Each structure stands twice: as C-alpha cells, then as structure tokens.
Amino acid sequence: MLSYDSLVKKLDFKVSTKQSLVIKALFLTQNPISAKGLKKLVKINFNTDVSLPTMYKILQTLENLQMLYILHIKHKKTKYYQLKSTKSYSHLVCEVCQKFTSFLDKDLNEELKLSLCKENFILLNHRILLYGVCKECNG
Ligand SMILES: [Zn+2]
C-alpha cells in the first residue's frame, strides 16, 4: 500500500487542503466508498465540509490521475471509489444492505496470476466484486 506522503509526492499538481483531506479519508477506509460516504468521513475526521460538487471534482481529478478504482454496483447509479494499491482485494457486496467487505484473496490471486501467465498477460492487480448476502442480513 502506498503511503499518503509518497502518493501526494507522485502527484504533479498542487494539492489543495480539501483534496488532501479527501485523499486522507480514502486512506482511512479499506472499503470502496461513495462520494456521499466520503463527504461524511471528511466531516467526521477532519471537521471540514466538502460540498458534493467539489467532492465529485476532486474524485474526477484523482480518477484522471489513475489513482482510483471506480466500482459500479449493478442496478445502482452510485459509484464507489477506492484508492489504487499494490495489493489485490476482492470485495463482497451485500445485495440487501449494499455493505462492502474486503478481503485479501491470496490464493485466488496466485491462481489468477498463474492462468494469466499462460496467456502471456502480467497481472498487476485486480478487483473482483462478489455479490451475496452478508452475515447481518442473513441472520
Ligand atoms: Zn447486508
């Protein structure tokens, strides 16, 4: 996982305070998060209001810089954002409450790498969404 400082150093634009808070908030959360969720997280952790249009603008900038994974949940308009990292995660998405759970799928990753190797394709990282029903909604 990239550190916050090394990530910001990599950026060749001047990071505004709000941008840096949004990036920090993205670091705080392991799971993909919506723009609205991110807005809440910035408010709770840094006591700063970022309007939704500003949030989308910042996310667009980060997306243009190839820093984000954008995840779309099927049948939902909401986009979920996650900072790119060197680790590969799979995400479980609950169909009922839309909660994300991440897990590091080491075995799956190795298997994928092996089979892609045969295709002469080098896998750097991946995102897999698995849909189901979570513990809470199942119980
Ligand atoms: Zn659930």
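What percentage of the 139 residues in the chain is buried? I looked it up: buried residues make up 19% of the 139. A residue counts as buried if 20 or more other C-beta atoms lie within 10 Å of its own, as exposed if 12 or fewer do, and as partly exposed in between, with C-beta atoms placed from the backbone.

**Ground rules.** I noted that this is a predicted model, where local features need pLDDT of at least 70, side-chain atom pairs count only at pLDDT 80 or more, and totals for chains, interfaces and linings use all residues. Residues are numbered from 1 along each chain as its sequence is written.

**Elements.** I found six helices and six strands in the chain. From the N terminus on, they run α-α-β-α-α-β-β-β-β-α-β-α. Both kinds are DSSP runs numbered from the N terminus: helices are H or I with at least four residues, strands are E with at least two.

**Helix α3.** I checked its length. The 12 residues of α3 should span 16 Å at 1.5 Å a residue, and the end C-alpha atoms are 16 Å apart, which agrees. The expected span is 1.5 Å times one less than the number of residues. Next I looked up burial: Ala-35, Leu-38, Lys-39 and Val-42 of α3 are buried. Seen down the axis, these buried residues fall within an arc of 105°, so they line one face of the helix. The arc is taken from the directions from the helix axis to the C-beta atoms. The face turned away carries exposed Lys-36, Ile-44 and Asn-45. The cover over the buried residues of α3 includes α2, β1, α4 and β3. Asn-47 follows α3 and has a positive phi, near 50°.

**α3 with α4.** α3 (residues 35–46) and α4 (residues 52–64) pack at about 105°, with axes 10 Å apart. Axes are lines fitted to C-alpha atoms, for helices over the stretch in contact, and angles run from 0 to 180 degrees between N-to-C directions. The two helices are therefore roughly perpendicular, a label for angles of 65 to 115 degrees. Ala-35, Leu-38 and Lys-39 of α3 meet Leu-52, Met-55, Tyr-56 and Leu-59 of α4. Contact requires C-beta atoms, placed from the backbone, within 7 Å.

**α2 with α3.** I found α2 (residues 17–28) packed against α3 at about 100°, with axes 9 Å apart. That makes α2 roughly perpendicular to α3. Leu-21, Val-22, Ala-25 and Leu-28 of α2 touch Leu-38, Leu-41, Val-42, Asn-45 and Phe-46 of α3.

Notes:
Angles under 35 degrees count as roughly parallel, over 145 as roughly antiparallel, 65 to 115 as roughly perpendicular and the rest as oblique. Two residues are in contact if their C-beta atoms, placed from the backbone, lie within 7 Å.
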